[in-house]
Amino acid sequence: MSENDLPDNENTEVDFASAMQGVTRIKNDRADLRGRPKKLRLADDETTRYKRQMAVTDEEMIVDGLNSEVINLVETEDELIFAAPGVQLKLMKRLKQGHIPWDAGLDLHGYIIDDARTELSSFIRECSMQQLRCVMVIHGKSNSVESQHALMKSYVNDWLRQMPQVIAFSSAQPKDGGTGALYVLLKRAK
């Protein structure tokens, strides 16, 4: 069978000129970007509103149950004191006077806030598991600018109050760092 014997629709050769009949040639080889973009209609359902609200809300980081935002800013020379309900006044007096010996210490000088939170959390947890009664936390005074709050001290003050293992803390005696350090009293193991 020769090529001429095949029906017209099965002919494998196609004439390009006849295939392009009715097609107009494009005069420009670049895209037309001058056209007006279509107006998009903003979705206004409950899910979209929630997503928009969450996108503009600052994300608060919580690590080991501790907030990333400081609640109560304190000054460099402020004395800190905290006691959970049920802590006896006599015990607080002894803690404040430095009469309860501390068994371990953590120095947070040089830490950034996120690393300090992680270190403090793991230190308190570890001391609690070892059944230590009193520990020292050195947060520093942050004397760099006179009118500036002591950020690390403020964070440590808030974080310790959030920890279930901590029942009390007080600024240290001058020999142990004064307002740049804390005596921290931990719960007794039952």
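## Lys96 and Glu79

Start with Lys96, which forms a salt bridge with Glu79 in this predicted model. The closest N and O atoms of the two side chains are 2.7 Å apart. This pair links distant parts of the chain: Lys96 belongs to helix H3 (residues 89-96), while Glu79 is in the loop between E2 and E3, 17 residues apart.

How much of each partner is open to the outside? Lys96 has 34% relative accessibility and counts as partly exposed. Glu79 comes out at 51%, so it counts as exposed, given that the cut-off for exposed is over 50%.

## Glu77 and Lys141

The loop holding Glu79 lies between E2 and E3, and Glu77 is in that loop too. The side chain of Glu77 meets that of Lys141 in a salt bridge, at 3.8 Å from N to O. Lys141 sits in the loop between strand E5 (134-138) and helix H5 (151-162), so this contact ties together parts that are 64 residues apart in sequence. With a relative accessible area of 28%, Lys141 is partly exposed.

A search of the whole structure turns up 4 salt bridges. One of them joins Arg117 and Asp114, at 2.6 Å from N to O. Here both residues lie in helix H4 (residues 113-129), and they are 3 residues apart, or about one turn of the helix.

Is Arg117 buried or exposed? Arg117 is buried, at 0% relative accessible area. Asp114, on the other hand, is partly exposed at 37%.

## A nonpolar patch on the surface

Phe16, Met20 and Val23 make up a nonpolar patch on the surface, and together they have about 330 Å² of accessible area. Val23 is found in the loop between helix H1 (16-19) and helix H2 (46-56). Its relative accessible area is 55%, so Val23 is exposed, the cut-off being over 50%.

Which strand is mostly covered? That's E6 (residues 166-171), where 6 of its 6 residues are buried. Buried here means under 20% relative accessible area.

E6 pairs with E3 and with E7. E3 and E6 run antiparallel and are joined by 3 bridges; if you want to find the spot, Phe82 has Phe169 in E6 as its bridge partner. The pairing of E6 with strand E7 (residues 181-186) is also antiparallel, over 5 bridges. There, the bridge partner of Ala168 is Leu185 in E7.

Conventions
Residues numbered from 1 in each chain as written. Predicted model: local features only at pLDDT ≥ 70, side-chain atom pairs only at ≥ 80, totals over all residues. Heavy atoms only, no water. Helix = DSSP H or I, 4+ residues; strand = E, 2+ residues; numbered from the N terminus. Buried < 20%, exposed > 50% of the residue type's maximum accessible area, 1.4 Å probe, protein only. Patch = residues over 30% accessible without salt bridge, like charges linked within 9 Å, V, L, I, M, F, W, Y side chains within 5 Å. Areas by Shrake-Rupley, 256 points an atom, 1.4 Å probe, with all protein chains shown as cover. Pairing = 2+ DSSP bridges.
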